[in-house]
Amino acid sequence: MARNLRFLVLLLSVASICEAAVFNPISDSHRSAALELFTPVDGSFKSLEETYEALRTFEVIGIDKKHEIRASTCQTVVDTLGSSSSALNDVFQALRANRILNCELNDEAFSGIVPRLKDSVNEANTLLDFYHSIGSLKLIKDQAVEVDVHLGDDADGTFRAVKALSQSDGRWRYSSSNPESSNQAAGIALETLAGVISLASQEIDQSLIDNLKKDLLKLFDGIERYDDGSCYFDEKLVDAQANEGPISASSSVVRGLTALATSSSESLNLPGDKILCLAKFFLGIGIPGTPKDLYHQIDALACLENNRVSIPLILSLPATVVSLTRKDQLKVRVNTVLGSAAPPLSVKLMQIFTSGSKDASVIVQELKFDNETNLHVLETFPKIVDIGLYTFSFEIFLHDTEDKKLYATGGRTKVPIYVTGVVNIDQAEIAIVDSDIGSVETKKKLDLSGENSIALQANHLQKLQLIFQLTTPSGHAFKPHQAFLRLSHESGVDHIFLVGSSGKKFEIILDFLGLVEKFFYLSGRYDIQLAVGDSVMENSLFKTLGHLELDLPDPPEKAARPPPQPVDPYSRYGPKAEITHIFRSPEKRPPKELSLAFSGLVLLPLLGFLGGLLALRVNFSNFPRSTVPATFAILFHAGIAAVLSLYLLFWLKLDLFTTLKVLGFLGIFLMFVGHKTLSHLASTTAKLKSA
């Protein structure tokens with residue numbers, strides 16, 4: 001119960017304001033993620049497509065890794081472009097990688113594949129065939145200016161062939177045999193048509209361009225939106241692959257849109273707000289967990305950073321939590337999606353919404369621009385701002401008229417702001433009041449900002465009263481998210497009560513006569529604890545005020561019993577009771593000298609035995625003289641000596657089990673060599689008798 005109460009006190013009660021969110025440009029976190037996700041193996045990636053995605057990501061976020069993979073990748077690029085059997089996709093990816101690496105290729109290397117690519121354009125029957133062949137020709141045009149890659153007079157026909165795959169809702173099909181339409185295919189088609197316009201020898205038929213612009217508007221009519229102001233293109237294919245989703249589809253559309261705007265001199269008439277909401281989507285997804293999604297995110301943001309439609313400006317805050325007590329200043333930053341500096345502009349605070357209220361206070365206050373930090377600073381908060389959760393509505397005003405045509409600000413931007421502070425806790429008192437006449441028997445003042453250790457006594461005919469006041473730094477009444485009083489019996493039974501409020505005053509009165517059943521008629525010591533907490537209250541507290549000796553009547557026969565207290569599942573892993581053991585006192589032993597004398601007496605018979613052998617002149621004539629029998633005889637006697645040595649080691653330091661294991665091996669050895677020795681002696685004796 002105590003753990004749950006602490007959780008209630010410490011939990012930040014975050015209000016759900018769907019229309020308010022903070023979007024930040026890409027940061028060092030994206031760079032760290034790129035280095036982790038795009039890791040070459042032995043100086044190269046698995047495919048040219050992965051190589052280009054890694055190179056493109058590193059190029060946009062400013063990481064120089066080209067020298068690590070240049071050698072192996074350029075060799076693959078040269079081999080791919082020089083082979084007539086290379087697939088169109090491989091040729092396309094090789095040219096994309098070469099655009100970044102600038103491998104050593106002459107115009108002849110590019111000229112050799114141009115006829116094949118033009119034939120592929122004429123023979124293409126799927127969207128991807130058009131995309132790879134036309135995209136390859138467009139890349140060659142950018143990398144080898146002298147090479148003729150123009151489509152000639154049939155550019156309109158190619159344009160119509162690609163346009164034939166479009167649908168009435170602005171989406172595209174991958175082939176005429178596939179009835180499913182796709183947003184990702186629409187982005188690929190837009191990029192392909194942009195390549196056709198760029199490769200055309202003469203202007204494309206204006207009616208075709210006008211129809212394409214209408215299809216583009218229809219495509220954006222089907223865009224999906226979030227409540228935080230971001231929008232995206234979803235992928236609804238039945239057989240969509242794992243890497244085909246909102247990120248890849250939205251990135252494909254952005255890539256195609258910006259390519260079309262670059263190749264065409266006409267305005268696409270797309271509202272800047274839709275470009276801005278797409279930018280918010282890519283910034284709002286955070287850091288993707290796969291290399292493919294990270295590439296789509298970074299590449300789309302790079303396309304939005306430099307485009308002819310509308311460049312989105314992102315309003316972000318370094319910190320959305322400010323303290324009134326510390327007199328923090330609210331700071332606002334305006335950048336492009338990649339963090340580049342914004343043009344000259346002003347930021348104004350237009351409205352302030354209070355949490356839980358739809359009404360807004362109209363505040364038109366311009367933020368001061370700091371040239372050193374490039375931040376817009378709100379030096380003083382409006383008087384209506386006190387500690388609490390608010391939604392600030394900012395608006396960006398561009399100074400230059402030409403910038404208004406180039407940049408998208410998106411109108412007003414709503415941002416959740418937490419204003420915190422130290423809450424004043426005053427006039428805290430606790431008292432024991434008689435129920436019948438209402439007189440105060442005991443009253444004690446409390447210091448809720450310090451330590452308290454009060455001791456109270458009461459019976460079932462009395463009441464417990466607790467009073468305190470909470471005010472904000474501005475002097476207004478403050479109502480926290482949690483205010484609880486807890487009484488904990490010495491048996492472990494807890495009782496929690498909500499402290500009510502009226503304005504600045506918080507008060508709770510516990511009538512013990514009406515609570516005897518809730519208290520299970522348990523008399524004894526109760527610890528008194530107070531918990532006051534809020535997400536914007538910098539001095540939230542959970543304090544023990546003291547204890548109460550409560551005298552309750554005896555329980556009747558059918559009174560409810562206290563619930564069994566939960567057992568901590570981790571208690572069995574705690575320290576166990578110490579086990580004490582008293583060893584038996586060692587028995588008395590004889591003196592060391594006596595033991596040594598006894599050992600000497602035991603060895604005397606052995607010495608006598610050896611002396612007797614010498615005196616009797618032992619006959620060694622039967623000892624085998626042949627090499628093999630003599631070897632077995634020597635090993636037999638050596639084995640006997642080893643057994644005697646083992647007995648000595650057992651006496652000195654070996655244990656019984658070790659001795660028995662070694663003795664077992666020695667016994668087998670002795671049995672073998674002894675059998676050989678005795679067999680030789682028996683054979684010799686038998687020969688002597690027969691002679």
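**Exercise 1. Which residue in β19 stands opposite asparagine 424, and how do the strands around it pair?**

*Solution.* Asparagine 424 stands opposite threonine 471 in β19. Keep in mind as you work that this is a predicted model.

Step 1: Strand β16 covers residues 424–434 and strand β19 covers residues 462–471; they pair in the antiparallel sense over nine bridges.

Step 2: Turn to another partner of β16. Strand β17 (residues 440–445) pairs with β16, again in the antiparallel sense, over five bridges. Here isoleucine 432 stands opposite threonine 442 in β17.

Step 3: Look at the connection. β16 and β17 form a hairpin with five residues between them. In the turn, glycine 438 has a positive phi of about 75°.

**Exercise 2. Find the partner of cysteine 74 and work out whether their disulfide is left-handed or right-handed**.

*Solution.* Step 1: Check the sulfur distance. The sulfur atoms of cysteine 74 and cysteine 103 are 2.1 Å apart, and a disulfide calls for a pair within 2.5 Å. The two cysteines therefore form a disulfide.

Step 1: Read the torsion. About the S-S bond it is about -80°, so this disulfide is left-handed.

Step 2: Locate both ends. Cysteine 74 sits in helix α4 (residues 66–82), while cysteine 103 is in the loop between α5 (88–101) and α6 (107–111); the pair links distant parts of the chain, 29 residues apart.

Step 3: Judge the burial, for which the cut-off is under 20% relative accessible area. Cysteine 74, at 11%, counts as buried, and so does cysteine 103, at 8%.

**Exercise 3. How many disulfides does the structure hold, and what pattern do they follow?**

*Solution.* Step 1: The structure holds two disulfides.

Step 1: Counting bonded cysteines along the chain gives the pattern 1-2, 3-4.

Step 2: Now consider cysteine 303, which is in no disulfide; the nearest cysteine sulfur, that of cysteine 231, is 16 Å away. Cysteine 303 counts as buried, at 12% relative accessibility.

Notes
Residues numbered from 1 in each chain as written. Predicted model: local features only at pLDDT ≥ 70, side-chain atom pairs only at ≥ 80, totals over all residues. Heavy atoms only, no water. Pairing = 2+ DSSP bridges. Helix = DSSP H or I, 4+ residues; strand = E, 2+ residues; numbered from the N terminus. Buried < 20%, exposed > 50% of the residue type's maximum accessible area, 1.4 Å probe, protein only.
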